[in-house]
Amino acid sequence: MRHLLDFQGWTKQEVESLLDTAKVMREVLERPIKKVPALQGFAVATVFFEPSTRTRTSFELAARRMSADVVSFAAQTSSLQKGESYKDTLLTLEAMGVDAYVIRADAAGVPHQAARWVKGVVINGGDGQRAHPTQALLDAYTLLEALGSLEGRKIAIVGDILHSRVARSNAELLPLLGAEVFCAGPPSLLPQSLPGARLTPNLEEALEGADAVMVLRLQRERMEGGLIHLEDYIARYQVTEKRLARAKPTAPLLHPGPMNRDVELAGTLADSSRSLITQQVQNGVAVRMAVLYHLLVGRER
Amino acid sequence: MILIKNVKLVDARGERGPLDVLIGGGRILSLEGGEAPLVLDGTGKLLAPGFLDLHAHLREPGEEVKEDLATGLLAAVRGGYTDLVSMPNTKPPVDTEEAVLALKEKARHLGLARLHPGAALTLGQEGKTLSPAGPLKEAGAALLTDDGRTNEDAGVLAAGLLQAAPLGLPVAVHAEDASLRRNGVMNDGPLAHRLGLPGNPPEAEAARIARDLEVLRYALRRSKARPHLHIQHLSTKRGVELVREAKRAGLPVTAEATPHHLTLTEEALRGFDPLFKVAPPLRTEEDQEALLEGLLDGTLDAIATDHAPHTLAEKEWDLLRAPFGIPSLEIAFPLLYTELHLRRGFPLPRLVELFTDGPRRVLGLAPLHLEEGAEASLVLLDPKEAPVDPSRFASKARYSPWAGWVLAGWPALTLVEGRVVHRVE
């Protein structure tokens, strides 16, 4: 594994090995001094062409917990239009000695392009509607903690599937671990097909007997006009207590955040004991430590 | 005077030879040899009429950083083109008599391929007010088009067809319903959904062609002259079917296909490389097959490059921001000679026709046949294989999705009215 762009070509063993490392990292984070020297001497750059606080902070903390030097490059669209291209930005960072680039962009494929341009390691921190692999890894880790194993488990992903990089990455990753993924949303927010997932406009079908339920944010900023009627969406697709009752009684509830409270998910459920939303965020740091460790340690420099 | 000895001749009517072709005074003087100061060995090579490209973006005026007349027309003759229609979506757009005259004059001065400027159908290509078709035609405009703009207003398109009809000017359209296309950057389908890229549905093309054909019917009913609708760069199976049905119904419609839609599919986007971002987008194999069928049965009249140069820096943006377009003037013929004729058995005379008489008919020009007395605008093609090397392009766009492809049929000599405008020593 040279880069983490998506899960194309990944094996179950590789995923399990990475999640095992995440378990070790989780223990590190529970120590009084939450720091190890594993990445001493490495430089990690978070290159965010699209704004994000949560993912950036999680990656930067992960890198710092392993003693890496961290460079933070925030390129808002306006500064990019001053003339410097993505490629030049990355080559400049490379010239400064960066070893790994965490790249977030609003367009699918930017990390794939970056991997062709730089010699260092590229980690996809979320690209357009394409992929958000570390989010899927932390979701898988959280699900494993809650369910023990994902073999034969039914995972329901509910919401705006069409615009969701989280849904795409989970649909690639969770089946590798033996899970069956159902994606449910209104027809105008469902892709034509998604390898690894069963798509349905029928929320009840997806929730029926589900071992876990993942709710996605309605990405109104990515929607062209007319794809849904918000009130109608809330009436028919919001995950409520009553609807959740179709899932297994113990089925945990996940949300990658940020959450539109009382839009895609009833606020009371978000705060309930079934919600693993906070654990997801906590696990995010451990999983990202594991990703950096796997990609950087032992690699020829 | 030039003598090309022992060369095989190919034009829309078929293949002949080898013969010894004597050229002088801008004409083919004899097919039986003769004396000339310049004697070229044509053994193993093919002699064809010069090509005409209906659709090239030369970017002048306004975006000379991407291309200009000198580089674009040099690229053209290196690709075997003796004639070329430039698209008017320059900055500013070509919508005045003066702009057309200026382009014609500069091209004449350059002495490379002959330029037939396309002029804007509407002022500023804004789709609102018709541009002055009469003076544009007088100045030398070859067709009217708003090109990349999609003529949202059907009434304006109808008025444009009515205005152009008595002048004998075709109205060329980029057939794409922008409201259905939205922000699509690749063919809408399972692959786009998997790659997380906004899709441009094939139905956006079909929907607009269907509408434009109805607009054409309306204009036909209203006009004594025959309005002529030309559909640019067809990309879908359904689009081909619609044009086929319209032609069968006797509508005065013509259509073109591009080298990229004929040799690449949406699969090329898997690596997220904006080199392959083009409008209309690369489609599926099924669409490609339909285009080929359309070329064979006459539904499609011409192969047009849609040569669309950009700076490399722009093409190195992401797929949302990088501009649409592929440069192809220099390799269009070798590409299709190799991929369609050599690999797939596409008949050579028909292929040549699609580069010569087909596009000439769209513009209302007489066919160019290889016979004594004919105008000596010719291209000599070398079947020797060579790889595509964008670093040697005359075009300012020195990148190509076909870089490294090994192609045959490279133009070794291009003559415009007997004058050597390109020669490989």
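Trainee: How many helices and strands does chain B have?
Mentor: This is a predicted model, and the elements of chain B are counted from it as runs of secondary structure. The count for chain B comes to 14 helices and 20 strands.

Trainee: Why is chain B described as being as compact as a globular protein of its length?
Mentor: For 425 residues the globule rule gives 22 Å, and the radius of gyration of chain B lies close to that value, so the chain is as compact as a globular protein of that length. Along the principal axes, the C-alpha atoms of chain B fill a box of roughly 60 × 50 × 40 Å. The radius of gyration on which the comparison rests is 21 Å.

Trainee: What percentage of the contacts in chain B between residues at least 6 apart in sequence join residues at least 24 apart?
Mentor: Buried residues make up 64% of the 425 residues in chain B. Among the contacts that link residues at least 6 apart in sequence, the share joining residues at least 24 apart is 74%.

Trainee: In chain A, is helix α6(A) parallel, perpendicular or oblique to helix α7(A)?
Mentor: Helix α6 (residues 133–147) of chain A packs against helix α7 (residues 165–173) of chain A with the axes 8 Å apart and at an angle of about 55°. Because of that angle, the relation of α6(A) to α7(A) is oblique.

Trainee: Which residues of α7(A) make the contact with α6(A)?
Mentor: By class, the contact has 6 nonpolar, 3 polar and 1 charged residues. From α6(A) come A:P133, A:Q135, A:A136, A:L137, A:D139 and A:A140. On the side of α7(A), the contact is made by A:V166, A:S169, A:N170 and A:L173.

Note on methods: Residues numbered from 1 in each chain as written. Chains lettered and ligands numbered in written order. Predicted model: local features only at pLDDT ≥ 70, side-chain atom pairs only at ≥ 80, totals over all residues. Heavy atoms only, no water. Axes fitted to C-alpha atoms, helices over the stretch in contact; angles between N-to-C directions. Helix = DSSP H or I, 4+ residues; strand = E, 2+ residues; numbered from the N terminus. Parallel < 35°, antiparallel > 145°, perpendicular 65-115°, else oblique. Contact = heavy atoms within 4.5 Å. Nonpolar A, V, L, I, M, F, W, Y, C, P; charged D, E, K, R; others polar. Rg over C-alpha atoms; globule rule 2.2 N^0.38 Å. Buried < 20%, exposed > 50% of the residue type's maximum accessible area, 1.4 Å probe, protein only.
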